[in-house]
Amino acid sequence: MTEETLNRFGEVTAVVVGDVMLDSWLRGRTKRMAQEAPVPVVTIERIEDQPGGAANTAVNLAALGARVHMVGVTGADPAGATLNATLGRLDIEGLVIVRSLRTPVKRRVLTDGQIVARYDEEDDAPLPEAAERELIDEITRLAAHADVIVACDYGGGVCTPAVRRLLCELSADRNAGSRGAPVLVVDAHDVAAWRECHPKAVLPNYAEIVRLLGEGGDHDRVAFLSARSEEIVEATGAELVVTTLDGQGTLLHRRGREPHRTFASPAPDTMSIGAGDTFTAAFSLSLAAGAGPERAADIAQAAASVVVRRPGTAVCTREDLVQALRPDVALPPGRLAACLERDRAEGRRVVFTNGCFDVLHRGHVACLEEAARLGDVLVVAVNGDAGVARLKGPGRPINRCEDRVAVLAAMGCVDYITVFDEDSPVELLRMVRPDVYVKGGDYHPDLLPEADLVRELGGEVRVLGYVPDRSTTAIVNRIRG
(Lines give C-alpha, C1' and ligand atoms only; values in the text may rest on other atoms or scores of the structure.)
Protein backbone atom coordinates (compact mmCIF):
# COMPACT_ATOMS: atom_id res chain seq x y z
CA MET A 1 0.00 0.00 0.00
CA THR A 2 2.73 2.51 0.92
CA GLU A 3 4.69 1.73 -2.23
CA GLU A 4 1.56 2.25 -4.33
CA THR A 5 1.02 5.63 -2.66
CA LEU A 6 4.59 6.77 -3.35
CA ASN A 7 4.31 5.63 -6.96
CA ARG A 8 1.29 7.91 -7.41
CA PHE A 9 3.04 11.02 -6.09
CA GLY A 10 4.12 11.95 -9.59
CA GLU A 11 0.50 11.98 -10.78
CA VAL A 12 -0.60 14.61 -8.25
CA THR A 13 -0.93 18.32 -9.00
CA ALA A 14 -0.66 20.46 -5.88
CA VAL A 15 -1.35 24.18 -5.41
CA VAL A 16 0.14 25.89 -2.36
CA VAL A 17 -1.52 29.14 -1.26
CA GLY A 18 0.01 31.13 1.54
CA ASP A 19 2.67 33.19 3.22
CA VAL A 20 6.14 32.75 1.80
CA MET A 21 9.40 33.92 3.28
CA LEU A 22 13.13 33.62 2.79
CA ASP A 23 15.08 31.62 5.35
CA SER A 24 18.66 32.89 5.47
CA TRP A 25 21.35 31.02 7.40
CA LEU A 26 24.54 32.96 8.18
CA ARG A 27 27.25 30.53 9.25
CA GLY A 28 30.63 31.50 10.60
CA ARG A 29 33.16 31.20 13.40
CA THR A 30 33.77 33.15 16.55
CA LYS A 31 36.99 33.72 18.49
CA ARG A 32 36.09 36.53 20.85
CA MET A 33 33.33 38.43 22.60
CA ALA A 34 32.33 41.94 21.56
CA GLN A 35 33.62 44.86 23.61
CA GLU A 36 30.39 46.82 23.43
CA ALA A 37 28.08 44.00 24.58
CA PRO A 38 28.32 40.47 26.04
CA VAL A 39 27.78 38.81 22.65
CA PRO A 40 30.05 36.74 20.41
CA VAL A 41 31.61 38.29 17.35
CA VAL A 42 30.77 35.99 14.44
CA THR A 43 32.82 36.15 11.26
CA ILE A 44 30.37 35.10 8.54
CA GLU A 45 31.89 32.57 6.15
CA ARG A 46 28.83 31.27 4.33
CA ILE A 47 25.25 32.43 3.67
CA GLU A 48 22.58 29.93 2.66
CA ASP A 49 19.25 31.28 1.39
CA GLN A 50 16.36 28.82 1.25
CA PRO A 51 12.60 29.07 0.67
CA GLY A 52 10.66 29.23 3.92
CA GLY A 53 7.07 29.08 5.11
CA ALA A 54 4.60 28.17 2.36
CA ALA A 55 7.48 28.19 -0.13
CA ASN A 56 9.22 25.44 1.82
CA THR A 57 6.01 23.38 1.71
CA ALA A 58 5.95 23.86 -2.07
CA VAL A 59 9.61 22.83 -2.41
CA ASN A 60 9.00 19.68 -0.38
CA LEU A 61 6.00 18.77 -2.54
CA ALA A 62 8.14 19.15 -5.64
CA ALA A 63 10.98 17.12 -4.11
CA LEU A 64 8.50 14.31 -3.39
CA GLY A 65 7.51 14.24 -7.06
CA ALA A 66 4.33 16.31 -7.30
CA ARG A 67 3.57 18.93 -9.94
CA VAL A 68 3.49 22.14 -7.88
CA HIS A 69 2.18 25.68 -8.26
CA MET A 70 2.86 28.35 -5.64
CA VAL A 71 0.43 31.24 -5.06
CA GLY A 72 1.87 33.87 -2.74
CA VAL A 73 3.30 37.37 -2.56
CA THR A 74 6.82 38.81 -2.48
CA GLY A 75 8.16 42.31 -2.59
CA ALA A 76 10.23 43.76 -5.43
CA ASP A 77 13.39 43.45 -3.35
CA PRO A 78 16.55 41.29 -3.30
CA ALA A 79 14.96 38.74 -0.95
CA GLY A 80 11.98 38.41 -3.27
CA ALA A 81 14.25 38.03 -6.28
CA THR A 82 16.22 35.28 -4.51
CA LEU A 83 13.02 33.48 -3.54
CA ASN A 84 11.57 33.68 -7.05
CA ALA A 85 14.83 32.50 -8.60
CA THR A 86 15.10 29.54 -6.22
CA LEU A 87 11.54 28.42 -6.89
CA GLY A 88 11.95 29.04 -10.62
CA ARG A 89 14.84 26.58 -10.77
CA LEU A 90 12.37 23.95 -9.51
CA ASP A 91 9.73 25.00 -12.09
CA ILE A 92 7.53 26.37 -9.28
CA GLU A 93 5.92 29.63 -10.37
CA GLY A 94 2.95 31.76 -9.38
CA LEU A 95 4.32 34.34 -6.93
CA VAL A 96 2.81 37.81 -7.22
CA ILE A 97 5.32 40.65 -6.92
CA VAL A 98 4.00 43.69 -5.04
CA ARG A 99 6.32 46.71 -5.08
CA SER A 100 4.75 48.28 -2.01
CA LEU A 101 5.47 45.22 0.18
CA ARG A 102 8.67 43.81 1.65
CA THR A 103 9.49 40.09 1.40
CA PRO A 104 9.59 38.51 4.88
CA VAL A 105 13.04 37.23 5.84
CA LYS A 106 14.23 35.21 8.82
CA ARG A 107 17.98 35.45 9.29
CA ARG A 108 19.72 33.09 11.71
CA VAL A 109 23.35 33.55 12.74
CA LEU A 110 25.14 30.30 13.63
CA THR A 111 28.55 29.41 14.96
CA ASP A 112 29.66 25.86 15.73
CA GLY A 113 26.13 24.71 14.87
CA GLN A 114 24.53 26.92 17.53
CA ILE A 115 22.10 29.75 16.71
CA VAL A 116 23.40 32.82 18.52
CA ALA A 117 21.02 35.39 17.01
CA ARG A 118 17.98 35.65 14.78
CA TYR A 119 16.62 38.81 13.23
CA ASP A 120 13.46 39.06 11.13
CA GLU A 121 12.22 41.44 8.48
CA GLU A 122 8.43 41.55 8.23
CA ASP A 123 5.78 43.71 6.61
CA ASP A 124 2.45 44.27 8.34
CA ALA A 125 0.99 46.35 5.53
CA PRO A 126 -2.31 44.99 4.14
CA LEU A 127 -2.40 43.28 0.77
CA PRO A 128 -3.38 45.77 -1.96
CA GLU A 129 -6.74 45.06 -3.64
CA ALA A 130 -5.13 44.63 -7.04
CA ALA A 131 -2.76 41.98 -5.68
CA GLU A 132 -5.66 40.20 -3.94
CA ARG A 133 -7.60 40.07 -7.22
CA GLU A 134 -4.53 38.67 -8.96
CA LEU A 135 -4.19 35.98 -6.29
CA ILE A 136 -7.86 35.03 -6.62
CA ASP A 137 -7.61 34.82 -10.40
CA GLU A 138 -4.50 32.64 -10.12
CA ILE A 139 -6.09 30.29 -7.58
CA THR A 140 -9.24 29.96 -9.70
CA ARG A 141 -7.18 29.13 -12.78
CA LEU A 142 -4.96 26.57 -11.04
CA ALA A 143 -7.70 24.91 -8.99
CA ALA A 144 -9.34 23.61 -12.15
CA HIS A 145 -6.43 21.19 -12.56
CA ALA A 146 -5.43 20.64 -8.91
CA ASP A 147 -5.78 17.46 -6.89
CA VAL A 148 -4.91 19.14 -3.59
CA ILE A 149 -4.69 22.73 -2.35
CA VAL A 150 -2.51 23.40 0.69
CA ALA A 151 -3.31 26.66 2.48
CA CYS A 152 -0.41 27.92 4.62
CA ASP A 153 -1.90 30.74 6.69
CA TYR A 154 0.68 32.15 9.10
CA GLY A 155 -0.88 35.59 9.44
CA GLY A 156 1.25 37.12 6.70
CA GLY A 157 -1.68 38.59 4.80
CA VAL A 158 -2.08 36.30 1.78
CA CYS A 159 -5.06 34.32 3.11
CA THR A 160 -7.42 37.30 3.20
CA PRO A 161 -11.15 36.79 3.85
CA ALA A 162 -11.77 36.87 0.09
CA VAL A 163 -9.08 34.24 -0.54
CA ARG A 164 -10.51 32.07 2.25
CA ARG A 165 -14.02 32.39 0.78
CA LEU A 166 -12.76 31.13 -2.55
CA LEU A 167 -10.99 28.18 -0.94
CA CYS A 168 -14.13 27.47 1.10
CA GLU A 169 -16.16 27.31 -2.11
CA LEU A 170 -13.68 24.86 -3.60
CA SER A 171 -13.79 22.75 -0.43
CA ALA A 172 -17.60 22.80 -0.50
CA ASP A 173 -17.51 21.49 -4.07
CA ARG A 174 -15.30 18.64 -2.91
CA ASN A 175 -17.52 17.84 0.08
CA ALA A 176 -20.55 17.81 -2.22
CA GLY A 177 -18.88 15.14 -4.32
CA SER A 178 -18.05 17.34 -7.28
CA ARG A 179 -15.74 15.43 -9.62
CA GLY A 180 -12.34 17.02 -10.00
CA ALA A 181 -12.68 19.38 -7.01
CA PRO A 182 -9.38 19.51 -5.07
CA VAL A 183 -8.78 18.35 -1.51
CA LEU A 184 -8.18 21.29 0.86
CA VAL A 185 -5.54 20.93 3.59
CA VAL A 186 -4.97 23.86 5.96
CA ASP A 187 -1.85 24.63 7.99
CA ALA A 188 -2.83 27.75 9.93
CA HIS A 189 -1.88 29.49 13.15
CA ASP A 190 -5.59 30.24 13.67
CA VAL A 191 -7.58 27.19 12.55
CA ALA A 192 -10.82 28.76 13.86
CA ALA A 193 -10.78 31.14 10.90
CA TRP A 194 -11.11 28.13 8.59
CA ARG A 195 -13.90 26.32 10.43
CA GLU A 196 -16.65 27.25 7.96
CA CYS A 197 -14.57 25.86 5.09
CA HIS A 198 -14.83 22.32 6.48
CA PRO A 199 -11.44 21.39 5.00
CA LYS A 200 -10.34 17.83 4.51
CA ALA A 201 -7.61 18.31 7.11
CA VAL A 202 -6.08 20.93 9.38
CA LEU A 203 -2.67 20.71 11.05
CA PRO A 204 -2.51 22.86 14.21
CA ASN A 205 0.21 22.54 16.82
CA TYR A 206 -0.49 21.83 20.47
CA ALA A 207 -0.50 25.49 21.55
CA GLU A 208 -2.96 26.39 18.79
CA ILE A 209 -5.36 23.63 19.86
CA VAL A 210 -5.15 24.64 23.52
CA ARG A 211 -5.98 28.20 22.50
CA LEU A 212 -8.85 27.02 20.30
CA LEU A 213 -10.37 25.03 23.16
CA GLY A 214 -9.92 27.92 25.60
CA GLU A 215 -7.75 25.81 27.88
CA GLY A 216 -4.79 26.79 30.00
CA GLY A 217 -2.23 25.24 32.29
CA ASP A 218 0.00 22.24 31.87
CA HIS A 219 -1.31 18.91 30.64
CA ASP A 220 -0.03 15.51 29.65
CA ARG A 221 -0.27 16.38 25.98
CA VAL A 222 -1.16 13.00 24.57
CA ALA A 223 -3.68 12.25 27.32
CA PHE A 224 -5.25 15.71 27.04
CA LEU A 225 -5.59 15.63 23.26
CA SER A 226 -6.84 12.04 23.26
CA ALA A 227 -9.55 12.84 25.80
CA ARG A 228 -10.73 15.85 23.78
CA SER A 229 -10.43 14.23 20.34
CA GLU A 230 -14.08 14.49 19.28
CA GLU A 231 -14.25 18.07 20.58
CA ILE A 232 -11.13 18.99 18.59
CA VAL A 233 -12.64 17.68 15.36
CA GLU A 234 -15.89 19.56 16.04
CA ALA A 235 -14.11 22.82 16.92
CA THR A 236 -12.04 22.87 13.74
CA GLY A 237 -14.82 21.83 11.36
CA ALA A 238 -12.38 19.57 9.54
CA GLU A 239 -12.72 15.91 8.65
CA LEU A 240 -9.19 15.20 9.89
CA VAL A 241 -7.11 17.04 12.50
CA VAL A 242 -3.40 16.39 12.96
CA THR A 243 -2.17 17.91 16.21
CA THR A 244 1.61 18.19 16.33
CA LEU A 245 3.37 17.58 19.62
CA ASP A 246 6.47 19.76 19.18
CA GLY A 247 9.08 17.11 18.48
CA GLN A 248 7.17 14.23 20.08
CA GLY A 249 5.20 13.20 16.99
CA THR A 250 1.54 13.80 16.19
CA LEU A 251 -1.99 12.66 16.94
CA LEU A 252 -4.45 12.20 14.09
CA HIS A 253 -8.07 12.79 15.09
CA ARG A 254 -11.23 11.86 13.22
CA ARG A 255 -14.79 11.21 14.28
CA GLY A 256 -15.63 7.87 15.79
CA ARG A 257 -12.04 6.61 16.12
CA GLU A 258 -9.31 6.59 18.68
CA PRO A 259 -6.52 9.04 17.82
CA HIS A 260 -3.67 7.62 15.76
CA ARG A 261 -0.21 8.37 17.17
CA THR A 262 2.98 8.92 15.21
CA PHE A 263 6.39 9.13 16.88
CA ALA A 264 9.07 11.67 16.01
CA SER A 265 12.80 11.12 15.89
CA PRO A 266 14.45 13.13 18.72
CA ALA A 267 16.26 16.18 17.39
CA PRO A 268 17.52 19.51 18.76
CA ASP A 269 15.39 22.57 18.02
CA THR A 270 18.00 23.93 15.61
CA MET A 271 17.51 20.85 13.41
CA SER A 272 13.71 20.85 13.40
CA ILE A 273 13.13 24.11 11.52
CA GLY A 274 10.90 23.43 8.53
CA ALA A 275 10.02 19.89 9.62
CA GLY A 276 6.38 20.96 9.97
CA ASP A 277 6.35 22.13 6.35
CA THR A 278 7.74 18.77 5.28
CA PHE A 279 5.09 16.92 7.31
CA THR A 280 2.34 19.06 5.77
CA ALA A 281 3.63 18.43 2.25
CA ALA A 282 3.96 14.67 2.64
CA PHE A 283 0.62 14.31 4.45
CA SER A 284 -1.26 16.35 1.84
CA LEU A 285 0.40 14.54 -1.03
CA SER A 286 -0.30 11.13 0.49
CA LEU A 287 -4.00 11.94 0.92
CA ALA A 288 -4.20 13.17 -2.68
CA ALA A 289 -2.47 9.98 -3.82
CA GLY A 290 -5.17 7.85 -2.19
CA ALA A 291 -3.62 6.85 1.14
CA GLY A 292 -5.82 6.43 4.20
CA PRO A 293 -5.41 9.13 6.86
CA GLU A 294 -3.42 6.94 9.28
CA ARG A 295 -1.02 5.78 6.61
CA ALA A 296 -0.68 9.36 5.33
CA ALA A 297 0.30 10.47 8.84
CA ASP A 298 2.88 7.69 9.10
CA ILE A 299 4.35 8.62 5.72
CA ALA A 300 4.46 12.31 6.71
CA GLN A 301 6.21 11.50 9.99
CA ALA A 302 8.83 9.50 8.11
CA ALA A 303 9.41 12.49 5.81
CA ALA A 304 9.77 14.83 8.77
CA SER A 305 12.27 12.43 10.36
CA VAL A 306 14.49 12.91 7.30
CA VAL A 307 14.77 16.69 7.55
CA VAL A 308 15.40 16.86 11.31
CA ARG A 309 18.72 15.13 10.66
CA ARG A 310 19.83 17.88 8.27
CA PRO A 311 20.98 21.44 8.93
CA GLY A 312 19.10 24.49 7.71
CA THR A 313 15.66 24.53 6.09
CA ALA A 314 15.89 21.07 4.54
CA VAL A 315 13.65 19.10 2.19
CA CYS A 316 12.79 15.42 1.85
CA THR A 317 13.00 13.90 -1.61
CA ARG A 318 11.00 10.91 -2.78
CA GLU A 319 14.18 8.82 -2.64
CA ASP A 320 14.80 9.97 0.94
CA LEU A 321 11.25 8.97 1.86
CA VAL A 322 11.54 5.53 0.27
CA GLN A 323 14.65 4.93 2.35
CA ALA A 324 13.03 6.25 5.54
CA LEU A 325 9.98 4.04 5.08
CA ARG A 326 11.97 0.85 4.87
CA PRO A 327 11.05 -1.15 7.94
CA ASP A 328 13.24 -0.74 10.98
CA VAL A 329 15.46 -3.71 11.70
CA ALA A 330 13.45 -4.32 14.87
CA LEU A 331 10.40 -2.63 16.31
CA PRO A 332 9.84 -2.31 20.05
CA PRO A 333 6.51 -3.80 21.16
CA GLY A 334 4.76 -0.42 21.44
CA ARG A 335 5.54 0.59 17.86
CA LEU A 336 4.76 -2.91 16.64
CA ALA A 337 1.31 -2.71 18.23
CA ALA A 338 0.64 0.64 16.53
CA CYS A 339 1.69 -0.75 13.13
CA LEU A 340 -0.48 -3.83 13.52
CA GLU A 341 -3.46 -1.70 14.55
CA ARG A 342 -3.14 0.17 11.27
CA ASP A 343 -2.78 -3.08 9.31
CA ARG A 344 -5.88 -4.57 10.93
CA ALA A 345 -7.88 -1.44 10.19
CA GLU A 346 -7.04 -2.02 6.54
CA GLY A 347 -8.22 -5.65 6.68
CA ARG A 348 -4.86 -7.41 6.80
CA ARG A 349 -4.49 -10.92 8.27
CA VAL A 350 -1.65 -11.15 10.83
CA VAL A 351 0.62 -14.22 11.08
CA PHE A 352 2.99 -14.62 14.04
CA THR A 353 5.94 -16.92 14.64
CA ASN A 354 8.85 -16.95 17.05
CA GLY A 355 12.23 -18.58 17.52
CA CYS A 356 15.94 -18.14 18.10
CA PHE A 357 16.99 -18.11 14.41
CA ASP A 358 20.59 -18.40 15.55
CA VAL A 359 22.09 -19.74 12.31
CA LEU A 360 19.53 -19.18 9.57
CA HIS A 361 19.19 -22.27 7.36
CA ARG A 362 16.97 -23.80 4.71
CA GLY A 363 14.43 -25.02 7.25
CA HIS A 364 13.98 -21.51 8.63
CA VAL A 365 13.59 -20.05 5.15
CA ALA A 366 11.01 -22.64 4.10
CA CYS A 367 9.01 -22.14 7.29
CA LEU A 368 9.00 -18.34 7.08
CA GLU A 369 8.02 -18.30 3.41
CA GLU A 370 5.18 -20.73 4.05
CA ALA A 371 4.05 -18.72 7.09
CA ALA A 372 3.92 -15.54 5.04
CA ARG A 373 1.56 -17.22 2.56
CA LEU A 374 -0.97 -17.84 5.37
CA GLY A 375 -1.79 -14.13 5.72
CA ASP A 376 -0.87 -10.60 4.73
CA VAL A 377 1.54 -9.54 7.48
CA LEU A 378 4.24 -11.76 8.99
CA VAL A 379 5.53 -10.88 12.47
CA VAL A 380 8.67 -12.66 13.66
CA ALA A 381 9.53 -12.55 17.37
CA VAL A 382 13.19 -13.30 18.10
CA ASN A 383 14.56 -14.56 21.42
CA GLY A 384 17.10 -12.18 22.93
CA ASP A 385 20.63 -13.37 23.64
CA ALA A 386 19.96 -14.21 27.29
CA GLY A 387 16.84 -16.14 26.30
CA VAL A 388 18.74 -18.18 23.72
CA ALA A 389 21.40 -19.05 26.31
CA ARG A 390 18.73 -20.27 28.72
CA LEU A 391 17.01 -22.36 26.04
CA LYS A 392 20.05 -23.72 24.19
CA GLY A 393 22.77 -23.79 26.82
CA PRO A 394 26.30 -22.40 27.14
CA GLY A 395 27.95 -21.22 23.95
CA ARG A 396 24.73 -20.06 22.37
CA PRO A 397 23.77 -17.95 20.59
CA ILE A 398 26.41 -18.17 17.89
CA ASN A 399 25.21 -14.87 16.42
CA ARG A 400 24.27 -11.88 18.53
CA CYS A 401 20.70 -10.66 18.53
CA GLU A 402 21.28 -7.64 16.27
CA ASP A 403 22.96 -9.88 13.67
CA ARG A 404 20.15 -12.44 13.76
CA VAL A 405 17.57 -9.70 13.37
CA ALA A 406 19.47 -8.07 10.48
CA VAL A 407 19.52 -11.36 8.53
CA LEU A 408 15.78 -11.90 9.09
CA ALA A 409 15.04 -8.31 8.04
CA ALA A 410 16.68 -9.00 4.68
CA MET A 411 14.03 -11.61 3.90
CA GLY A 412 11.29 -10.16 1.74
CA CYS A 413 8.58 -12.28 3.35
CA VAL A 414 9.13 -10.79 6.83
CA ASP A 415 7.15 -7.62 7.56
CA TYR A 416 7.90 -6.93 11.23
CA ILE A 417 10.49 -8.17 13.71
CA THR A 418 10.52 -7.70 17.45
CA VAL A 419 12.77 -9.05 20.20
CA PHE A 420 11.61 -10.57 23.49
CA ASP A 421 13.63 -11.63 26.52
CA GLU A 422 11.14 -13.94 28.25
CA ASP A 423 11.26 -17.72 27.79
CA SER A 424 7.74 -17.68 26.32
CA PRO A 425 6.16 -15.24 23.83
CA VAL A 426 2.88 -15.25 25.77
CA GLU A 427 2.83 -11.49 26.49
CA LEU A 428 3.67 -10.71 22.87
CA LEU A 429 0.86 -12.97 21.72
CA ARG A 430 -1.57 -11.09 23.94
CA MET A 431 -0.45 -7.84 22.36
CA VAL A 432 -0.27 -9.04 18.74
CA ARG A 433 -3.48 -11.18 18.81
CA PRO A 434 -2.44 -13.05 15.65
CA ASP A 435 -4.94 -14.49 13.22
CA VAL A 436 -2.50 -17.38 12.76
CA TYR A 437 0.22 -18.61 15.11
CA VAL A 438 2.85 -20.65 13.27
CA LYS A 439 5.54 -23.03 14.45
CA GLY A 440 7.84 -25.09 12.31
CA GLY A 441 9.14 -28.55 13.17
CA ASP A 442 7.77 -31.76 14.60
CA TYR A 443 5.35 -30.22 17.11
CA HIS A 444 1.70 -31.17 17.46
CA PRO A 445 -0.63 -28.14 17.55
CA ASP A 446 -2.37 -29.27 20.73
CA LEU A 447 0.94 -29.75 22.56
CA LEU A 448 2.19 -26.22 22.02
CA PRO A 449 1.99 -24.35 25.36
CA GLU A 450 0.76 -21.20 23.56
CA ALA A 451 -2.01 -22.96 21.62
CA ASP A 452 -4.81 -22.41 24.15
CA LEU A 453 -4.01 -18.72 24.48
CA VAL A 454 -3.96 -18.19 20.71
CA ARG A 455 -7.36 -19.84 20.33
CA GLU A 456 -8.70 -17.86 23.26
CA LEU A 457 -7.62 -14.70 21.42
CA GLY A 458 -9.51 -15.82 18.32
CA GLY A 459 -6.57 -17.12 16.28
CA GLU A 460 -5.65 -20.50 14.84
CA VAL A 461 -2.51 -22.58 15.35
CA ARG A 462 -0.59 -24.07 12.44
CA VAL A 463 2.46 -26.36 12.49
CA LEU A 464 4.27 -26.25 9.18
CA GLY A 465 6.13 -28.94 7.33
CA TYR A 466 9.39 -30.13 8.86
CA VAL A 467 12.56 -30.05 6.74
CA PRO A 468 14.57 -33.08 7.92
CA ASP A 469 18.25 -32.85 8.82
CA ARG A 470 18.07 -29.06 8.90
CA SER A 471 18.60 -27.54 12.33
CA THR A 472 20.88 -24.98 13.90
CA THR A 473 22.08 -27.47 16.51
CA ALA A 474 23.06 -29.97 13.80
CA ILE A 475 24.94 -27.29 11.87
CA VAL A 476 26.77 -26.11 14.99
CA ASN A 477 27.73 -29.68 15.89
CA ARG A 478 29.11 -30.33 12.41
CA ILE A 479 31.20 -27.14 12.55
CA ARG A 480 32.51 -27.96 16.01
CA GLY A 481 33.17 -31.57 15.02
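Biologist: Does aspartate 91 count as buried or exposed?

Modeller: This is a predicted model, in which local features need pLDDT of at least 70, side-chain atom pairs count only at pLDDT 80 or more, and totals for chains, interfaces and linings use all residues. Residues are numbered from 1 along each chain as its sequence is written, and side-chain values use heavy atoms, with hydrogens and water left out. Buried means under 20% relative accessible area, exposed over 50% and partly exposed in between, with a 1.4 Å probe and protein chains only. Aspartate 91 has 64% relative accessibility, so it counts as exposed.

Biologist: What is the phi of aspartate 91?

Modeller: Aspartate 91 sits in the loop between helix H3 (78-89) and strand S5 (95-98); helices (H or I, at least four residues) and strands (E, at least two) are DSSP runs, numbered from the N terminus. Most residues other than glycine have a negative phi. Aspartate 91 is not a glycine, yet its phi is positive, at about 60°.

Biologist: Where is histidine 198 found?

Modeller: Histidine 198 also has a positive phi, near 50°, in a residue other than glycine. At 36% relative accessibility it counts as partly exposed. Histidine 198 belongs to the loop between S9 and S10.

Biologist: Which cysteine does a disulfide join to cysteine 168?

Modeller: A disulfide is a pair of cysteine sulfur atoms within 2.5 Å, and a search of the whole structure finds one. Its S to S distance is 1.7 Å, and the link is left-handed, with -60° about the S-S bond. It connects distant parts of the chain, 29 residues apart, from helix H5 to the loop between strand S9 (183-188) and strand S10 (201-202).

Biologist: How far is the sulfur of cysteine 152 from the closest cysteine sulfur?

Modeller: Cysteine 152 is at 0% relative accessibility and therefore counts as buried. The closest cysteine sulfur belongs to cysteine 159, but it is too far for a bond, at 7.8 Å.

Biologist: Which residues is valine 16 in contact with, leaving aside its neighbours within four places in sequence?

Modeller: Valine 16 lies in strand S1 (residues 13-18) and counts as buried because its relative accessibility is 0%. Contact means heavy atoms within 4.5 Å. By that criterion valine 16 is in contact with Ala54, Ala58, Leu61, Val68, His69, Met70, Val71, Val150 and Cys152.

Biologist: At what angle do helix H4 and helix H5 pack?

Modeller: Axes are lines fitted to C-alpha atoms, for helices over the stretch in contact, and angles run from 0 to 180 degrees between N-to-C directions. The axes of H4 (residues 129-143) and H5 (residues 161-175) are 10 Å apart, and the angle is about 15°. That makes H4 roughly parallel to H5, a term for angles under 35 degrees. To end on the value, the angle is about 15°.

Biologist: Which residues in H5 do Glu132, Ile136, Ile139, Thr140 and Ala143 in H4 meet?

Modeller: The residues of this contact divide into eight nonpolar, one polar and one charged. Here Ala, Val, Leu, Ile, Met, Phe, Trp, Tyr, Cys and Pro count as nonpolar, Asp, Glu, Lys and Arg as charged, and the others, Gly among them, as polar. The H5 side consists of Ala162, Val163, Leu166, Leu167 and Leu170.

Biologist: What is the omega of the peptide bond from arginine 396 to proline 397?

Modeller: Proline 397 is placed in the loop between helix H14 (385-392) and helix H15 (401-409). Most peptide bonds are trans. The bond from arginine 396 to proline 397 is cis, with omega near 5°.

Conventions: Parallel < 35°, antiparallel > 145°, perpendicular 65-115°, else oblique.
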